[in-house]
Amino acid sequence: MSELRILLHENLNSEFISAVLSNPRDREKASKIKVRPLLNKGRLVFQIETFKNNQAFHENLSDGEALERLLEHMQNMRQMQLETKSCSCAVLVSKKGKVTVKRKPRKHAAEQKPLTHNRQKRYILEEGVPVPFLMDLGVMTPEGKVVHARFDKFRQINRFLEFIEDVLPELPGDRELMILDFGCGKSYLTFAMYYYLHELKGYDIRVVGLDLKSEVIRRCNELSEKYGYEKLTFLEGNIADYAGTDAADMVVTLHACDTATDFALARAVSWNAKVILSVPCCQHELNRQIENEVLAPVLGYGLIRERMAALVTDALRARYLEGEGYQVQILEFIDMEHTPKNILIRAVKTGKRNDNRNQIKACEEFLHVSPALGRLLDKKGDI
């Protein structure tokens, strides 16, 4: 790690902009590390943000302390992207521990963000930069200004892209990626995903959006053709009947109603999808089934019953995916003040199966429920 030590020693100073450590060997230690400079009582420090078990931990360190901490973290990480005002550096660590550093000088000095704790929120799609699909979808003006009444949608789109940004190290970058979006609707997020991955990040991707509304599909295909998005297509059809591929790298299902989410998750598992992003909606199935004498006093209230059934549905979905070899997180998609349907299930294929079926069955028997996803996985996609 001597070359990495030299790199950090040279760049942990006032020229430093940011660093991201990713692609961990052991996710239990940390899934990702972010570093940024701060002014703390007039003194330059480096804030290290460590993401672990769906939590973020912060520490502010001097340049020497930060150097040692980052070297320690790089024992577990395979990648580091370091940005300074004058250069961009990519660090790769092989399985045998060999460190490769690629430096790319900047033609023009990069702008450094204010070194304070109270920074303005940075969005992946920045306000002030016109984005064609956001203009046509009524989110942004031709000048790049976000329409005030659609700012929640703008935040939601950027939040979704942050979830994708986190899993980019899990996706292969040396071939075309196949991405399926089930229940795409008006496709705000589908267009955002294509724009971010292909236009901004340069990935070779093919995206298929699927929905039952023919008029919506027609309009989305018109926009895709207008923007020249050759590998973004939209099809009319049902999730359960889709047979257009036998493999996928990423499966997205946003607000697919009730058991349509389960069909999408089961398909994703059968295709051995590396990444699954799911925002469930309208979990009616378990609401009809759930019964328990001990819980009867609270299940008697319709609203409470509905919310409990929804939470149990999504928790069991996550556990079933863990049993299929996925590492699963249940995350807040957008603030609860905007919608109660704010849970996102993010699953990354690791191949490490959690032998949890007995626990799942015990829970289902206790609540007298039989979720669709469990039945689909038991019968390999056929109820």
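I started at Gln 283, whose side chain makes a polar contact with the side chain of Asp 314 at 3.0 Å. By polar contact I mean a pair of N or O atoms within 3.5 Å; within protein, one must be able to donate a hydrogen and the other to accept it, and residues adjacent in sequence count only if both atoms are side-chain atoms. This is a predicted model, where local features need pLDDT of at least 70 and side-chain atom pairs count only at pLDDT 80 or more, while totals for chains, interfaces and linings use all residues. Numbering runs from 1 along each chain as its sequence is written, and side-chain values use heavy atoms, with hydrogens and water left out.

Where does Gln 283 sit? I found it in the loop between β12 (275-281) and α8 (284-289). Helices (H or I, at least four residues) and strands (E, at least two) are DSSP runs, numbered from the N terminus.

Buried or exposed? Gln 283 has a relative accessible area of 14%, so it is buried; the cut-offs are under 20% for buried, over 50% for exposed and partly exposed in between, with a 1.4 Å probe and protein chains only. Leaving aside neighbours within four places in sequence, I list Asp 258, Ala 310, Thr 313, Asp 314 and Arg 317 as its contacts (heavy atoms within 4.5 Å).

Next, the sheet. I read an open, antiparallel sheet of seven strands in the order β4-β3-β2-β1-β5-β6-β7; two strands pair if DSSP finds at least two bridges between them. At the edges are β4 and β7 (99-105), each pairing on one side only. Neighbouring strands are turned by 15° against each other on average, direction ignored. Helix α1 (residues 2-11) packs on this sheet, touching β1, β5, β6 and β7, and its direction makes about 35° with that of β7. Axes here are lines fitted to C-alpha atoms, for helices over the stretch in contact, and angles run from 0 to 180 degrees between N-to-C directions.

Strand β1 (residues 16-24) and β5 (residues 77-84) share seven bridges, and Ala 19 stands opposite Leu 82. A two-residue hairpin takes β5 into β6, and Met 80 faces Val 91 there. Between β6 and β7 I see seven bridges, with Cys 89 opposite Arg 103.

Last, confidence. The protein chain averages a pLDDT (the predictor's confidence in each residue, from 0 to 100) of 88, with 93% of the residues at 70 or above. I noted residues 335-339, where pLDDT stays under 50.
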